[in-house]
Amino acid sequence: MTAGGEERLDRFMARANAAYYAGRDPFADFATAPEISQMFGEILGAWVAVTWQGMGRPDPFLLVEAGPGRGTLMADMLRLLARVAPECHAAAAIHLVETSPRLRAVQAGALEGRAARPVVWHERIEAVPDGPMILLANEFLDALPIRQFVRSVDGWDERFVQGMGFVTRPAADLPAGGPFDRPVPPGEVLEVCADALAVARAIAARLRRAPGVALFVDYGYDGALWGDTLQALREREPAWPLADPGQADLTAHVDFAAFAAAARTAGADVHGSVTQGALLAGLGLFARAEQLARGRPPAEAHAIRDAAQRLAAPDRMGRLFKALAVASPGLPSPPGFAAAPASGDIP
Ligand code: SAH
(Lines give C-alpha, C1' and ligand atoms only; values in the text may rest on other atoms or scores of the structure.)
Protein backbone atom coordinates (compact mmCIF):
# COMPACT_ATOMS: atom_id res chain seq x y z
CA MET A 1 0.00 0.00 0.00
CA THR A 2 1.23 3.53 -0.73
CA ALA A 3 1.52 6.30 1.83
CA GLY A 4 -1.82 7.70 0.69
CA GLY A 5 -3.46 4.34 1.43
CA GLU A 6 -3.96 3.51 -2.23
CA GLU A 7 -3.39 -0.03 -3.43
CA ARG A 8 -3.35 -1.20 -7.05
CA LEU A 9 -6.39 -3.39 -7.70
CA ASP A 10 -4.41 -6.55 -8.57
CA ARG A 11 -2.40 -6.26 -5.33
CA PHE A 12 -5.58 -5.80 -3.32
CA MET A 13 -7.19 -8.80 -5.08
CA ALA A 14 -4.13 -11.04 -4.58
CA ARG A 15 -4.02 -10.17 -0.88
CA ALA A 16 -7.77 -10.63 -0.40
CA ASN A 17 -7.91 -13.98 -2.20
CA ALA A 18 -4.82 -15.38 -0.47
CA ALA A 19 -6.53 -14.65 2.87
CA TYR A 20 -9.83 -15.97 1.58
CA TYR A 21 -8.53 -19.33 0.31
CA ALA A 22 -6.28 -19.77 3.35
CA GLY A 23 -8.98 -19.05 5.87
CA ARG A 24 -12.47 -19.90 4.74
CA ASP A 25 -14.17 -22.86 3.18
CA PRO A 26 -14.63 -21.35 -0.29
CA PHE A 27 -17.22 -23.89 -1.18
CA ALA A 28 -19.65 -22.50 1.36
CA ASP A 29 -19.77 -19.42 -0.91
CA PHE A 30 -20.05 -20.93 -4.38
CA ALA A 31 -20.64 -24.27 -6.09
CA THR A 32 -18.24 -25.23 -8.85
CA ALA A 33 -18.91 -27.78 -11.60
CA PRO A 34 -17.12 -30.70 -9.90
CA GLU A 35 -19.02 -29.98 -6.69
CA ILE A 36 -22.34 -29.97 -8.58
CA SER A 37 -21.94 -33.48 -9.97
CA GLN A 38 -19.47 -36.36 -10.23
CA MET A 39 -20.37 -36.42 -13.94
CA PHE A 40 -18.13 -33.41 -14.57
CA GLY A 41 -15.02 -35.28 -13.37
CA GLU A 42 -16.05 -38.49 -15.08
CA ILE A 43 -16.48 -36.79 -18.44
CA LEU A 44 -13.15 -34.99 -18.07
CA GLY A 45 -11.52 -38.23 -16.92
CA ALA A 46 -12.59 -39.79 -20.21
CA TRP A 47 -11.22 -36.68 -21.95
CA VAL A 48 -7.86 -37.29 -20.24
CA ALA A 49 -7.77 -40.92 -21.40
CA VAL A 50 -8.45 -40.02 -25.04
CA THR A 51 -6.02 -37.07 -24.95
CA TRP A 52 -3.34 -39.39 -23.54
CA GLN A 53 -3.93 -41.81 -26.46
CA GLY A 54 -3.51 -38.89 -28.87
CA MET A 55 -0.16 -38.05 -27.26
CA GLY A 56 1.09 -41.59 -27.91
CA ARG A 57 0.40 -42.99 -24.42
CA PRO A 58 3.49 -41.61 -22.62
CA ASP A 59 4.37 -43.60 -19.48
CA PRO A 60 4.87 -41.92 -17.10
CA PHE A 61 3.11 -38.62 -17.74
CA LEU A 62 2.27 -35.68 -15.49
CA LEU A 63 -1.43 -35.29 -14.72
CA VAL A 64 -1.55 -31.76 -13.36
CA GLU A 65 -4.39 -29.75 -11.85
CA ALA A 66 -4.11 -26.06 -11.10
CA GLY A 67 -6.31 -24.77 -8.27
CA PRO A 68 -7.85 -28.13 -7.31
CA GLY A 69 -10.12 -26.76 -4.55
CA ARG A 70 -11.43 -29.71 -2.56
CA GLY A 71 -9.79 -32.22 -4.92
CA THR A 72 -13.15 -33.44 -6.17
CA LEU A 73 -12.42 -33.13 -9.90
CA MET A 74 -9.14 -35.07 -9.62
CA ALA A 75 -10.73 -37.72 -7.37
CA ASP A 76 -13.61 -38.25 -9.83
CA MET A 77 -11.23 -38.37 -12.80
CA LEU A 78 -8.96 -40.92 -11.10
CA ARG A 79 -11.90 -43.14 -10.14
CA LEU A 80 -13.06 -43.14 -13.76
CA LEU A 81 -9.54 -43.75 -15.13
CA ALA A 82 -8.91 -46.65 -12.74
CA ARG A 83 -12.08 -48.29 -14.04
CA VAL A 84 -12.01 -47.65 -17.78
CA ALA A 85 -8.38 -46.76 -18.61
CA PRO A 86 -6.18 -48.58 -16.07
CA GLU A 87 -2.99 -48.12 -18.13
CA CYS A 88 -3.52 -44.36 -18.24
CA HIS A 89 -4.27 -44.39 -14.51
CA ALA A 90 -1.07 -46.31 -13.77
CA ALA A 91 1.03 -43.96 -15.89
CA ALA A 92 -0.29 -40.76 -14.29
CA ALA A 93 1.93 -38.88 -11.83
CA ILE A 94 -0.36 -36.42 -10.04
CA HIS A 95 0.93 -32.86 -9.54
CA LEU A 96 -1.28 -30.23 -7.92
CA VAL A 97 -0.70 -26.47 -8.03
CA GLU A 98 -2.19 -24.98 -4.88
CA THR A 99 -1.16 -22.07 -2.68
CA SER A 100 -3.52 -22.65 0.25
CA PRO A 101 -2.08 -25.01 2.91
CA ARG A 102 -5.59 -25.64 4.20
CA LEU A 103 -6.86 -26.73 0.78
CA ARG A 104 -3.75 -28.87 0.22
CA ALA A 105 -4.76 -30.90 3.28
CA VAL A 106 -8.34 -31.24 1.98
CA GLN A 107 -6.99 -32.39 -1.41
CA ALA A 108 -4.70 -34.97 0.22
CA GLY A 109 -7.75 -36.43 1.97
CA ALA A 110 -9.84 -36.53 -1.19
CA LEU A 111 -7.09 -38.33 -3.14
CA GLU A 112 -6.17 -40.84 -0.42
CA GLY A 113 -5.80 -44.23 -2.09
CA ARG A 114 -6.85 -42.95 -5.53
CA ALA A 115 -3.51 -42.30 -7.26
CA ALA A 116 -1.01 -44.91 -8.40
CA ARG A 117 1.95 -42.77 -7.24
CA PRO A 118 2.50 -40.20 -4.47
CA VAL A 119 0.83 -36.84 -5.11
CA VAL A 120 3.15 -33.82 -5.38
CA TRP A 121 2.15 -30.19 -4.62
CA HIS A 122 3.60 -26.98 -6.08
CA GLU A 123 3.13 -23.29 -5.41
CA ARG A 124 3.26 -22.34 -9.06
CA ILE A 125 2.72 -23.97 -12.45
CA GLU A 126 6.30 -23.04 -13.40
CA ALA A 127 7.58 -25.40 -10.68
CA VAL A 128 5.98 -28.53 -12.20
CA PRO A 129 8.83 -30.70 -13.59
CA ASP A 130 9.28 -31.10 -17.33
CA GLY A 131 7.81 -34.03 -19.23
CA PRO A 132 4.71 -35.13 -21.11
CA MET A 133 1.74 -33.50 -19.41
CA ILE A 134 -2.02 -33.20 -19.32
CA LEU A 135 -3.15 -30.23 -17.25
CA LEU A 136 -6.65 -29.24 -16.16
CA ALA A 137 -7.78 -26.07 -14.44
CA ASN A 138 -11.39 -25.40 -13.53
CA GLU A 139 -12.22 -21.98 -12.13
CA PHE A 140 -8.54 -21.26 -11.54
CA LEU A 141 -7.91 -18.33 -13.87
CA ASP A 142 -10.90 -16.35 -12.56
CA ALA A 143 -9.30 -16.19 -9.12
CA LEU A 144 -6.08 -14.58 -10.38
CA PRO A 145 -5.69 -10.85 -9.73
CA ILE A 146 -6.63 -8.34 -12.42
CA ARG A 147 -5.79 -4.72 -13.12
CA GLN A 148 -8.50 -2.40 -14.40
CA PHE A 149 -7.73 0.33 -16.91
CA VAL A 150 -10.17 3.06 -17.80
CA ARG A 151 -10.02 4.50 -21.31
CA SER A 152 -9.36 8.24 -21.25
CA VAL A 153 -9.55 10.56 -24.22
CA ASP A 154 -5.84 10.30 -24.95
CA GLY A 155 -4.69 7.15 -23.11
CA TRP A 156 -5.40 4.98 -20.11
CA ASP A 157 -6.07 5.56 -16.43
CA GLU A 158 -5.80 2.80 -13.82
CA ARG A 159 -8.02 2.00 -10.84
CA PHE A 160 -6.60 1.84 -7.31
CA VAL A 161 -8.38 0.80 -4.14
CA GLN A 162 -8.72 3.39 -1.40
CA GLY A 163 -10.79 2.39 1.59
CA MET A 164 -14.03 0.94 0.27
CA GLY A 165 -13.85 2.76 -3.07
CA PHE A 166 -11.82 3.25 -6.23
CA VAL A 167 -9.59 6.14 -7.20
CA THR A 168 -8.33 6.53 -10.76
CA ARG A 169 -4.81 7.67 -11.70
CA PRO A 170 -3.09 8.01 -15.08
CA ALA A 171 -1.59 4.59 -15.84
CA ALA A 172 2.16 4.56 -15.17
CA ASP A 173 2.68 1.39 -17.24
CA LEU A 174 0.64 -0.96 -19.43
CA PRO A 175 1.24 -4.70 -18.90
CA ALA A 176 2.64 -6.65 -21.87
CA GLY A 177 0.04 -8.74 -23.67
CA GLY A 178 -2.87 -6.58 -22.54
CA PRO A 179 -5.41 -6.05 -25.33
CA PHE A 180 -5.04 -2.28 -25.39
CA ASP A 181 -5.84 -2.17 -29.12
CA ARG A 182 -9.52 -2.94 -28.55
CA PRO A 183 -11.96 -0.13 -29.44
CA VAL A 184 -12.81 0.69 -25.81
CA PRO A 185 -14.85 3.91 -25.58
CA PRO A 186 -13.72 6.62 -23.13
CA GLY A 187 -14.87 5.95 -19.57
CA GLU A 188 -15.11 2.18 -20.08
CA VAL A 189 -13.02 -0.43 -18.27
CA LEU A 190 -10.53 -2.88 -19.80
CA GLU A 191 -9.26 -5.66 -17.52
CA VAL A 192 -5.84 -7.29 -17.76
CA CYS A 193 -4.85 -10.40 -15.80
CA ALA A 194 -1.06 -10.45 -16.06
CA ASP A 195 -0.84 -13.66 -14.01
CA ALA A 196 -3.16 -15.47 -16.44
CA LEU A 197 -1.09 -14.28 -19.40
CA ALA A 198 2.05 -15.49 -17.61
CA VAL A 199 0.39 -18.89 -17.09
CA ALA A 200 -0.44 -19.04 -20.82
CA ARG A 201 3.18 -18.27 -21.75
CA ALA A 202 4.67 -20.70 -19.23
CA ILE A 203 2.37 -23.52 -20.35
CA ALA A 204 3.06 -22.82 -24.03
CA ALA A 205 6.82 -22.89 -23.40
CA ARG A 206 6.51 -26.26 -21.65
CA LEU A 207 4.31 -27.67 -24.41
CA ARG A 208 6.96 -26.80 -26.96
CA ARG A 209 9.54 -28.80 -25.01
CA ALA A 210 7.40 -31.90 -24.33
CA PRO A 211 4.07 -33.16 -25.65
CA GLY A 212 0.97 -32.18 -23.78
CA VAL A 213 -2.41 -30.50 -23.59
CA ALA A 214 -3.77 -28.04 -21.03
CA LEU A 215 -7.51 -27.57 -20.60
CA PHE A 216 -8.83 -24.39 -18.99
CA VAL A 217 -12.50 -24.22 -18.05
CA ASP A 218 -13.84 -21.00 -16.62
CA TYR A 219 -16.44 -18.33 -16.98
CA GLY A 220 -15.51 -15.54 -19.26
CA TYR A 221 -15.73 -13.93 -22.66
CA ASP A 222 -14.03 -14.60 -25.97
CA GLY A 223 -13.63 -11.76 -28.43
CA ALA A 224 -12.50 -8.14 -28.58
CA LEU A 225 -14.64 -7.22 -25.55
CA TRP A 226 -14.24 -5.16 -22.39
CA GLY A 227 -16.09 -4.21 -19.24
CA ASP A 228 -15.88 -4.34 -15.45
CA THR A 229 -16.39 -7.97 -14.39
CA LEU A 230 -14.91 -7.86 -10.88
CA GLN A 231 -17.28 -9.56 -8.48
CA ALA A 232 -17.40 -10.85 -4.94
CA LEU A 233 -19.46 -13.71 -3.51
CA ARG A 234 -19.99 -14.10 0.19
CA GLU A 235 -22.24 -16.80 1.57
CA ARG A 236 -23.57 -17.32 -1.96
CA GLU A 237 -24.66 -13.67 -2.22
CA PRO A 238 -23.05 -10.90 -4.27
CA ALA A 239 -21.02 -8.55 -2.05
CA TRP A 240 -19.12 -5.30 -2.58
CA PRO A 241 -15.65 -6.47 -3.74
CA LEU A 242 -13.74 -3.86 -1.75
CA ALA A 243 -15.39 -4.56 1.61
CA ASP A 244 -13.73 -6.87 4.17
CA PRO A 245 -10.83 -8.34 2.11
CA GLY A 246 -10.50 -12.07 2.75
CA GLN A 247 -14.16 -12.57 3.65
CA ALA A 248 -15.49 -12.98 0.09
CA ASP A 249 -14.35 -14.75 -3.08
CA LEU A 250 -13.11 -12.18 -5.60
CA THR A 251 -13.18 -13.17 -9.24
CA ALA A 252 -13.13 -11.63 -12.69
CA HIS A 253 -14.34 -13.11 -15.94
CA VAL A 254 -11.55 -14.69 -17.98
CA ASP A 255 -10.50 -12.92 -21.16
CA PHE A 256 -10.09 -16.03 -23.33
CA ALA A 257 -9.01 -14.07 -26.42
CA ALA A 258 -6.08 -12.45 -24.58
CA PHE A 259 -5.17 -15.79 -22.96
CA ALA A 260 -5.27 -17.60 -26.34
CA ALA A 261 -3.17 -14.88 -28.00
CA ALA A 262 -0.50 -15.14 -25.28
CA ALA A 263 -0.32 -18.94 -25.67
CA ARG A 264 -0.20 -18.74 -29.47
CA THR A 265 2.48 -16.05 -29.45
CA ALA A 266 4.55 -18.29 -27.19
CA GLY A 267 4.36 -21.08 -29.77
CA ALA A 268 1.53 -23.41 -28.72
CA ASP A 269 -1.55 -24.50 -30.65
CA VAL A 270 -4.85 -23.24 -29.26
CA HIS A 271 -8.21 -25.01 -29.65
CA GLY A 272 -11.45 -23.20 -28.85
CA SER A 273 -12.82 -21.65 -26.91
CA VAL A 274 -15.95 -23.78 -27.02
CA THR A 275 -18.76 -23.40 -24.54
CA GLN A 276 -18.83 -25.75 -21.55
CA GLY A 277 -22.23 -26.93 -22.75
CA ALA A 278 -20.90 -27.88 -26.19
CA LEU A 279 -17.83 -29.57 -24.72
CA LEU A 280 -19.69 -31.66 -22.15
CA ALA A 281 -22.56 -32.57 -24.48
CA GLY A 282 -20.07 -33.53 -27.19
CA LEU A 283 -18.23 -35.76 -24.72
CA GLY A 284 -21.37 -37.62 -23.71
CA LEU A 285 -22.70 -35.84 -20.61
CA PHE A 286 -26.36 -36.55 -21.31
CA ALA A 287 -25.77 -40.21 -22.11
CA ARG A 288 -23.86 -40.53 -18.84
CA ALA A 289 -26.72 -38.84 -16.96
CA GLU A 290 -29.24 -41.33 -18.40
CA GLN A 291 -26.94 -44.21 -17.49
CA LEU A 292 -26.70 -42.99 -13.88
CA ALA A 293 -30.43 -42.21 -13.64
CA ARG A 294 -31.56 -45.64 -14.85
CA GLY A 295 -33.23 -47.67 -12.14
CA ARG A 296 -32.98 -44.88 -9.54
CA PRO A 297 -36.00 -43.59 -7.60
CA PRO A 298 -37.68 -40.70 -9.50
CA ALA A 299 -36.36 -37.96 -7.20
CA GLU A 300 -32.75 -39.15 -7.59
CA ALA A 301 -33.10 -39.60 -11.34
CA HIS A 302 -34.50 -36.08 -11.56
CA ALA A 303 -31.57 -34.67 -9.54
CA ILE A 304 -29.06 -36.36 -11.87
CA ARG A 305 -30.75 -35.01 -15.00
CA ASP A 306 -31.04 -31.57 -13.42
CA ALA A 307 -27.32 -31.55 -12.60
CA ALA A 308 -26.53 -32.31 -16.26
CA GLN A 309 -28.77 -29.40 -17.29
CA ARG A 310 -27.14 -27.12 -14.75
CA LEU A 311 -23.69 -27.88 -16.18
CA ALA A 312 -24.60 -27.68 -19.86
CA ALA A 313 -27.79 -25.68 -20.50
CA PRO A 314 -27.06 -22.30 -22.12
CA ASP A 315 -29.12 -20.37 -19.56
CA ARG A 316 -27.30 -22.02 -16.67
CA MET A 317 -23.53 -22.74 -16.77
CA GLY A 318 -23.41 -24.02 -20.34
CA ARG A 319 -22.71 -20.81 -22.21
CA LEU A 320 -21.05 -18.43 -19.75
CA PHE A 321 -18.49 -21.14 -18.95
CA LYS A 322 -16.04 -21.89 -21.73
CA ALA A 323 -13.22 -24.33 -22.38
CA LEU A 324 -9.94 -23.60 -24.09
CA ALA A 325 -7.22 -26.14 -24.87
CA VAL A 326 -3.56 -25.21 -25.27
CA ALA A 327 -1.59 -27.97 -26.99
CA SER A 328 1.85 -28.90 -28.23
CA PRO A 329 2.23 -27.95 -31.89
CA GLY A 330 1.03 -30.69 -34.23
CA LEU A 331 -0.93 -32.86 -31.78
CA PRO A 332 -4.41 -33.95 -32.90
CA SER A 333 -7.33 -31.76 -31.80
CA PRO A 334 -8.28 -32.76 -28.27
CA PRO A 335 -11.63 -34.52 -27.88
CA GLY A 336 -14.57 -32.14 -27.86
CA PHE A 337 -12.75 -29.47 -29.87
CA ALA A 338 -12.48 -30.97 -33.37
CA ALA A 339 -15.89 -30.31 -34.85
CA ALA A 340 -17.27 -27.83 -32.36
CA PRO A 341 -17.72 -24.25 -33.49
CA ALA A 342 -15.81 -21.64 -31.51
CA SER A 343 -17.93 -19.92 -28.89
CA GLY A 344 -17.40 -16.55 -30.57
CA ASP A 345 -18.24 -13.26 -29.01
CA ILE A 346 -20.85 -14.34 -26.52
CA PRO A 347 -19.95 -12.62 -23.26
N1 SAH B 1 -10.96 -26.12 -9.28
C2 SAH B 1 -11.74 -26.14 -8.06
C3 SAH B 1 -11.54 -24.92 -7.16
C4 SAH B 1 -11.75 -23.57 -7.75
S5 SAH B 1 -11.43 -22.30 -6.55
C6 SAH B 1 -13.19 -26.39 -8.36
O7 SAH B 1 -13.55 -26.30 -9.53
O8 SAH B 1 -13.96 -26.66 -7.45
C9 SAH B 1 -9.81 -21.73 -6.98
C10 SAH B 1 -8.69 -22.65 -6.56
O11 SAH B 1 -7.44 -22.06 -6.98
C12 SAH B 1 -8.54 -22.88 -5.06
O13 SAH B 1 -8.07 -24.18 -4.87
C14 SAH B 1 -7.47 -21.82 -4.68
O15 SAH B 1 -6.83 -22.09 -3.47
C16 SAH B 1 -6.55 -21.92 -5.87
N17 SAH B 1 -5.75 -20.72 -6.14
C18 SAH B 1 -6.16 -19.45 -6.16
N19 SAH B 1 -5.16 -18.62 -6.51
C20 SAH B 1 -4.09 -19.41 -6.75
C21 SAH B 1 -2.74 -19.16 -7.18
N22 SAH B 1 -2.31 -17.94 -7.43
N23 SAH B 1 -1.92 -20.22 -7.33
C24 SAH B 1 -2.35 -21.47 -7.09
N25 SAH B 1 -3.62 -21.77 -6.69
C26 SAH B 1 -4.46 -20.76 -6.52
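Buried means under 20% relative accessible area, exposed means over 50%, and partly exposed is in between, with a 1.4 Å probe and protein chains only. Hold on to that for strand β9, residues 189-192. Both of its faces are covered. Val189 and Glu191 are buried on one side, Leu190 and Val192 on the other.

Ground rules next. This is a predicted model: local features need pLDDT of at least 70, side-chain atom pairs count only at pLDDT 80 or more, and totals for chains, interfaces and linings use all residues. Residues are numbered from 1 along each chain as its sequence is written, and side-chain values use heavy atoms, with hydrogens and water left out. Helices (H or I, at least four residues) and strands (E, at least two) are DSSP runs, numbered from the N terminus.

Back to β9. What is its sense relative to β6? The two run antiparallel, joined by 4 bridges. Strands pair here if DSSP finds at least two bridges between them. Arg147 has Val192 of β9 as its bridge partner.

Now helix α1, residues 9-23. The expected span of a helix is 1.5 Å times one less than its number of residues. For the 15 residues of α1 that gives 21 Å, and the end C-alpha atoms are 21 Å apart, so the two agree. Which residues of α1 are buried? They are Leu9, Asp10, Phe12, Met13, Ala16, Asn17, Tyr20 and Tyr21. They cover an arc of only 150° around the axis, which puts them on the same side of α1. The arc is that of the directions from the helix axis to the C-beta atoms. What do they pack against? The partners are β1 (6-8), α6 (101-111), β6 (147-151), β7 (156-162), β8 (165-170) and β13 (249-251). Contact means heavy atoms within 4.5 Å.

On to the rings. A pair of aromatic rings is described by the distance of the centres and the angle of the planes. Rings of Phe, Tyr and Trp (its six-membered ring) pair if their centres lie within 6.5 Å; planes under 30 degrees apart count as stacked, over 60 as edge-to-face and the rest as tilted. How many aromatic pairs turn up in the whole structure? The search finds 7. Tyr20 and Tyr21 have ring centres 5.1 Å apart and planes at 80°, so that pair is edge-to-face. Both tyrosines are buried. Phe166 and Trp240 also form an edge-to-face pair, at 6.4 Å centre to centre and 80° between the planes. This pair links distant parts of the chain, 74 residues apart: Phe166 is in strand β8, and Trp240 is in the loop between β12 (237-239) and β13. Phe166 is partly exposed at 24% relative accessible area. Trp240 is partly exposed at 43%. Ring pairs also link Phe149, Trp156 and Phe180 into a cluster.

A charge sits over a ring if NZ of Lys or CZ of Arg is within 6 Å of the ring centre and within 35 degrees of the ring normal. The charged end of Arg151 sits over the ring of Trp156, 4.7 Å from its centre. Arg159 lies over the face of Phe166, 4.1 Å from the ring centre.

The β7 and β8 strands deserve a slide. They pair antiparallel over 6 bridges. Phe160 has Val167 of β8 as its bridge partner. The two strands make a hairpin with 2 residues between them, and Gly163 in the turn has a positive phi of about 60°.

Next, helix α4, residues 72-84. Its 13 residues reach 18 Å from first C-alpha to last, close to the 18 Å expected. Its buried residues include Leu73, Met77 and Leu81. Ala110, in helix α6, is partly exposed at 27% relative accessibility. Beyond four places in sequence, Ala110 is in contact with Arg70, Gly71 and Ala75. His89 is in helix α5, residues 86-91, and is buried at 12%. Its contacts beyond four places include Leu78, Leu81 and Arg114.

Last, the backbone. Where are the cis peptide bonds? One runs from Asp59 to Pro60, with omega near 5°. Another joins Gly272 and Ser273, with omega about 15°. Ser273 is in strand β15, residues 269-275. Arg236 is not a glycine, yet has a positive phi of about 70°. Asp244, also not a glycine, has a positive phi of about 45°.
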